[in-house]
Amino acid sequence: MKIIQLYAIVNIYLIVFVALLIDAKLQCDEVSRAFKRKESVEYNVAKKCLESFPFNAKYATKNIDATLHFLSNYYVFFDRAKENAPSGFTYQPVDLKSELTKLRKKPFKSDYDFFTALRNTLFKLKDGHTRITNICYQNFIYDQKLSLYSVITTDKEGKKKQVFNDTLEPSNKDCEVTEIGGKPALQTIKDFANDKIAYSKDLGVRFNMALAPSLNFFSQQFTLRSDLPETSSIKYNLACPKNKSLTIERKWSITYEDGFNAFSNFCFDQNNITALSFNDNFESSGKVTKSTPSDKFETLASGSKNQKIAHAKKVVEDFYLLKDGKIKVGVALITEEKEDLVGALKDGFQKLKKRGAKKLILDLSNNVGGDLNVPLFLTSLLLSSKQPNSFPTDIIIQNFTVPIIEKNFKKSDPEDYDIYNPNFYLSFPSGKPFKNASEFIGSREKRTSNLYLNNLSPDEKKLLKKTSSFPWASDDIIIITNGFCASSCALLTLFFSEIHKVKTIAVGGLLDTQMSFSTFPGGEVTSTNIILDSSGDKIADLPDANALILTIREAYDMDINGTIKDVLEYSYKPANYRLYYDEKNARDPSLLWLEAVKILNKKA
């Protein structure tokens with residue numbers, strides 16, 4: 001009798017769950033039809049669709065268990081995240097184990113609500129390398145169809161103030177935004193940057209990312225989002241020229257990044273997404289292939305190629321020449337570090353040299369990062385190949401990974417990339433290959449390996465040998481960024497600044513506040529499926545549609561003598577100089593380059 005009764009209860013549960021799935025499909029039919037017509041959907045329709053995915057406690061537990069396992073065993077900042085923010089940074093300490101455990105006990109109205117809570121827990125880290133995404137939820141695009149940017153103006157009394165201008169429509173161009181949603185505009189953006197943006201520990205950098213500095217990538221996150229906004233529209237109070245004031249309410253335009261087929265075919269295929277299936281182990285016959293993560297993020301690009309550059313002459317793609325009196329100044333505009341671009345970078349610098357550039361501006365604003373070899377290549381190309389010519393790193397090593405490292409040392413080639421292949425790296429501080437696996441593994445006193453360095457590929461070494469030296473010393477180079485110089489870009493600029501004493505400029509941010517010129521230098525990002533392929537860990541990955549990436553290597557700051565200091569991720573490094581956006585340079589970066597030349601010419 002008890003067995004029959006239990007069986008009946010399970011059947012009732014399954015029937016209810018299937019009914020909920022059918023409801024989710026019905027709620028999202030309107031969304032699917034709109035995407036098929038390549039139209040946007042209304043906010044309430046999208047919200048109802050997302051919130052109709054039923055919450056499943058067992059599925060949620062599966063996600064929490066896997067997330068906690070990977071973070072506690074591989075995330076290099078798992079313990080450091082519990083500590084208070086160093087001076088200069090703005091974020092709250094996060095005890096990941098405690099926070100994730102709380103989610104187990106919390107009831108949720110929908111799977112979307114659960115996943116948003118899980119995602120927000122990781123957002124608190126303010127580590128752009130570490131986040132969790134869902135292919136169905138995070139591919140929605142919420143667009144206000146406008147740009148806001150912050151400028152510094154001077155009032156009649158000569159006092160500077162920070163205001164917002166907008167490009168809502170031609171008639172509203174350069175109107176000042178005084179209020180957003182009934183609150184002062186400045187405070188609204190600061191609050192959003194503090195609470196909702198996860199890509200930097202520096203509030204000034206996050207503030208820039210909320211807006212549209214230089215109208216480029218990784219900006220406009222206040223008006224262009226990938227998570228469901230809290231309201232269906234936003235009201236803006238504008239103060240325009242000739243004492244004209246008005247209020248505009250702007251609804252969200254909602255589309256789907258990969259179009260109709262990705263949403264309809266995948267998100268409602270019960271064989272593909274475990275949130276929409278019910279079985280004991282939540283396994284699926286159609287497991288999503290999670291691609292190897294680069295240092296790019298869920299961003300919604302905004303046309304960086306259409307910038308106006310009026311005060312510099314283009315030499316070759318992304319390389320320009322400024323004329324400062326009799327001195328020619330070269331400009332390299334670098335927005336990512338791809339290994340297959342090193343040849344183009346080398347050629348660009350050679351053309352600047354050939355055209356007589358005596359000084360050099362490196363504009364790395366909105367640089368998304370990329371391959372870790374590129375900063376190493378550029379350091380060797382422009383400054384010095386003397387070892388160590390990159391920051392040392394380490395990695396957490398588990399007991400079951402030790403035999404794999406030993407095997408890799410014996411059988412793997414130096415060109416075979418693997419997180420746990422010692423032959424791929426160089427020992428610190430000598431910059432020489434490891435003599436044995438034990439030298440790489442170390443004592444593991446803090447669960448981590450010995451310190452090690454990245455190594456150039458054979459092709460990169462050949463390219464360097466064929467390249468003649470450049471005329472620029474450290475004093476001839478200046479770096480300018482809007483703070484979003486991420487990951488490998490951060491490692492590049494920090495090494496130039498810390499070791500070679502290259503001057504740095506941060507643009508935008510908050511008035512009269514120091515600001516970082518780089519963000520999340522972490523060390524290296526990877527995904528859970530890469531870890532499982534490499535480490536020997538036997539745990540199951542996150543269920544299907546969800547993907548977790550995390551910082552698996554930590555880079556350490558050091559002085560010019562190679563003495564180790566703190567972890568770079570938690571080291572506040574403000575720029576030497578500050579510039580701010582105005583109505584003109586927000587649209588034309590060459591105006592900022594002219595200001596950089598003035599700073600570059602200053603004598604120390």
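Predicted model: local features only at pLDDT ≥ 70, side-chain atom pairs only at ≥ 80, totals over all residues.
**Entry 1: salt bridges**

I began with the count. The structure holds 19 salt bridges. I looked up several of them.

Arg104 pairs with Asp65, and their closest N and O atoms are 2.4 Å apart. I then checked where the two partners sit. Arg104 belongs to helix α4 (residues 96-105) and Asp65 to helix α3 (residues 57-74). Arg104 has 36% relative accessibility, so I class it as partly exposed. Asp65 also counts as partly exposed, at 36% relative accessibility.

I moved on to Lys82 and Asp79. Their side chains form a salt bridge with an N to O distance of 3.7 Å. The cut-off for a salt bridge is 4 Å, so 3.7 Å qualifies. Lys82 is partly exposed, with 39% relative accessibility. Asp79 is partly exposed as well, at 47%.

Then I took Lys183 and Asp191. The N to O distance in this salt bridge is 3.0 Å. At 38% relative accessibility, Lys183 is partly exposed. Asp191 has 25%. Buried means under 20%, so Asp191 counts as partly exposed.

I also looked for salt bridges with shared partners. Glu498, Asp557, Lys565 and Lys573 are joined into one network this way.

**Entry 2: positive patch**

Which residues form the positive surface patch? I found Lys313, Lys323, Lys328 and Arg355.

Lys313 lies in strand β11, which covers residues 313-316. Its relative accessibility is 55%. Exposed means over 50%, so Lys313 counts as exposed.

Lys323 lies in strand β12, residues 319-324. Its relative accessible area is 66%, so I class Lys323 as exposed too. The C-alpha atoms of Lys323 and Val597 are separated by 9.6 Å. Along the chain these two residues are 274 residues apart.

**Entry 3: negative patch**

A surface patch of negative charge gathers Glu339, Asp340, Asp371, Asp413, Glu415, Asp416 and Asp459.

Where does Asp416 lie? I placed Asp416 in the loop between α11 (402-411) and β16 (426-427). Its relative accessible area is 39%. Patch members need over 30%, so Asp416 passes that cut-off while counting as partly exposed.

**Entry 4: helix α5**

Last, I checked the geometry of α5, residues 111-123. The helix has 13 residues, and at 1.5 Å a residue they should span 18 Å. The end C-alpha atoms are 18 Å apart, which agrees with that expectation.

Is α5 mostly covered or mostly open? I found the helix mostly covered, with 10 of its 13 residues buried. The buried residues are Asp111, Tyr112, Phe114, Phe115, Ala117, Leu118, Arg119, Thr121, Leu122 and Phe123. The list includes the charged residues Asp111 and Arg119.

I kept one general point beside this list. An α-helix has 3.6 residues a turn, so residues three or four places apart point the same way.

Technical notes. Residues numbered from 1 in each chain as written. Heavy atoms only, no water. Patch = residues over 30% accessible without salt bridge, like charges linked within 9 Å, V, L, I, M, F, W, Y side chains within 5 Å. Areas by Shrake-Rupley, 256 points an atom, 1.4 Å probe, with all protein chains shown as cover. Charge placed at Lys NZ, Arg CZ, Asp CG, Glu CD. Helix = DSSP H or I, 4+ residues; strand = E, 2+ residues; numbered from the N terminus. Buried < 20%, exposed > 50% of the residue type's maximum accessible area, 1.4 Å probe, protein only. Expected span 1.5 Å × (residues − 1).
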